[in-house]
Amino acid sequence: MGFSDTIAALSSGRPPAAIAVIRTSGPGAKAAANALAGSLPPPREATLRTLYDPRSRTELDSVMILCFDAPRSATGEDIVEYQCHGGRAVVAAILDALTSLGLRQAEPGEFTRRALVNGRIDMIQAEGLADLLEAETESQRQAALAFAGGLLSCQVDIWQSRILDLSARAEAAIDYVGDEDETATDTSALCRDALALATELDTWLARPRTERLKDGIRVVIAGPPNAGKSSLVNALAGADRAIVTDIPGTTRDSIEVPLAIEGVPVVLIDTAGLRETTDAVETIGVARARSEAKRAEILLWLGDLADAPTHPHLLLIATKSDLGEPVVKGALSVSALTGAGIPQLLGMLGTVAASLFPAEGEVSLNRRQATAVADAADQLRTASTDLLLLAESLRSSRVAFDRLTGRAGVEDAIDALFSRFCLGK
Ligand SMILES: Nc1nc2c(ncn2[C@@H]2O[C@H](COP(=O)(O)OP(=O)(O)OP(=O)(O)O)[C@@H](O)[C@H]2O)c(=O)[nH]1
Ligand SMILES: [Mg+2]
């Protein structure tokens, strides 16, 4: 096991910066550090050292060195990290010296990939890490951290051991050629336990997918032409994103504006005003608006309640409140012009959007994970009283979980995942 080559990369952001972190991992990491620094500090003790170019013996930089011995390191290999001055030339010179010692520039995500291959983390944790690096809102950060920290991985371990236990009981029953009545009771108990586990998996599957956290809750603004939809989008976003004119039918295409409301990611979607029209372009726009309204997770309706599409999360909005129109019952009055009602609307949106997310501390699944869990649940549901078939169902559900954690046949998923990582991670 293990990689024979040693990789190096700048793991911190793009220079120039105050400090840069260069990471090396592999069997040659310590020898290279020795060649640059003369000697190595004890593992896990940050120590100041002067680095010299091994070719010319000229000084490279004064750095903090930090070593981690295999296998107790992030990658499972020997790791040496250098905290150097973050100038472009400094970083380039150290990387060049490392390359001259036979180290190779790491591919994006290669450190994490080694951690996965060396069993330091599983696929779920690697996905969590990728999400953590991409997290832009507080809710994304919290969810990603839970995954990276192994919350779901632990849960999968528990499921796996329960299935293993069921498998063991099934095998024992198969081997046991004794009293038929006794075997029958045991088999039906086994089936019941398998079904109970399937039901438990279903509750996990019923939770919203994590993609919601990433892509944002879709908030669609719809209504008749000139209702003030685009103006409202601009007011909510606090920026001029959509064209506003007094000509009905201004907005043709749907416009997406990503936004974080109270730490919750949403996408505002401005749509064409709904009306019958002979204009070919506007007709397409209206069709798009209708389909966006259907796909909406929250629908802001800026028209008469009587014309509103049915939707589980519909907010009725009365626009242009500054014009002094009579108050509409059940509607939230807003004015894009004066800003009246906008903070209240943002507050309501934040509350509804947050309610569509998994509760705090509750782990939800992404699409890939959900597919594997659904597979496992399906297998458990097919559990039959025929012991051989039952044993086979249990085995298949274990394989589904292995796919989830990356212990089995997931090369494609691994490649897809690591294409998301940046250099030096
Ligand atoms: N007084 C006042 N006028 C507004 C307000 N919001 C929008 N308007 C005006 O109403 C007209 C239509 O606004 P838009 O935001 O383009 O309306 P829309 O619903 O996007 O219209 P379409 O894209 O054509 O369907 C413009 O002249 C806006 O200036 C408001 O809160 N108060
Ligand atoms: Mg518009």
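**View 1. The loop that holds Ile247.** Ile247 sits in the loop that runs between helix H9 (229-237) and S8; helices (H or I, at least four residues) and strands (E, at least two) are DSSP runs, numbered from the N terminus. Ile247 is exposed, because it has 9 other C-beta atoms within 10 Å. To read that word here, with C-beta atoms placed from the backbone, take a residue as buried if 20 or more other C-beta atoms lie within 10 Å of its own, exposed if 12 or fewer, and partly exposed in between. From Ile247 you can look across to Ser231: the two are 16 residues apart along the chain, and their C-alpha atoms are separated by 13 Å.

A word on reading these views: this is a predicted model, in which local features need pLDDT of at least 70, side-chain atom pairs count only at pLDDT 80 or more, and totals for chains, interfaces and linings use all residues. Residues are numbered from 1 along each chain as its sequence is written, while chains are lettered from A and ligands numbered from 1 in the order in which they are written.

View 2. Two strands pair if DSSP finds at least two bridges between them. Strand S7 (residues 217-222) and strand S9 (residues 264-270) are joined by 5 bridges in the parallel sense. To pick out one bridge, find Val220 and its partner in S9, Ile269.

View 3. The protein is divided into domain 1 (7-106), domain 2 (124-209 + 364-418) and domain 3 (213-355), with bounds that come from an automatic or database domain assignment. Taken over C-alpha atoms, the centres of domain 1 and domain 3 are separated by 53 Å. The largest nonpolar core has 68 residues, and Ile22, Ala33, Ile94, Ala170 and Ala376 have the most contacts inside it. This core draws at least three residues from each of domain 1 (7-106) and domain 2 (124-209 + 364-418). Apart from it lies another core, of 34 residues, including Ile217, Ala235, Leu236 and Ala353. A nonpolar core is a set of buried Ala, Val, Leu, Ile, Met, Phe, Trp, Tyr and Cys residues joined through C-beta atoms within 7 Å.

View 4. S5, by contrast, is largely enclosed by the rest of the structure, because 5 of its 7 residues are buried. S2 and S5 pair in the antiparallel sense over 7 bridges, and Ile22 stands opposite Tyr82 in S5. S4 and S5 are also antiparallel, over 5 bridges, with Phe68 opposite Ile79 in S5.

**View 5. Loops with backbone features to look for.** Pro71 is found in the loop between strand S4 (59-68) and strand S5 (79-85), and the peptide bond from Ala70 to Pro71 is cis, with omega near 0°. Another cis peptide bond runs from Pro15 to Pro16, with omega near 5°; Pro16 lies in the loop between strand S1 (7-10) and strand S2 (19-25). Arg44, in the loop between helix H1 (29-37) and strand S3 (47-52), has a positive phi near 65° although this residue is not a glycine. Arg44 counts as exposed because it has 11 C-beta neighbours inside 10 Å.
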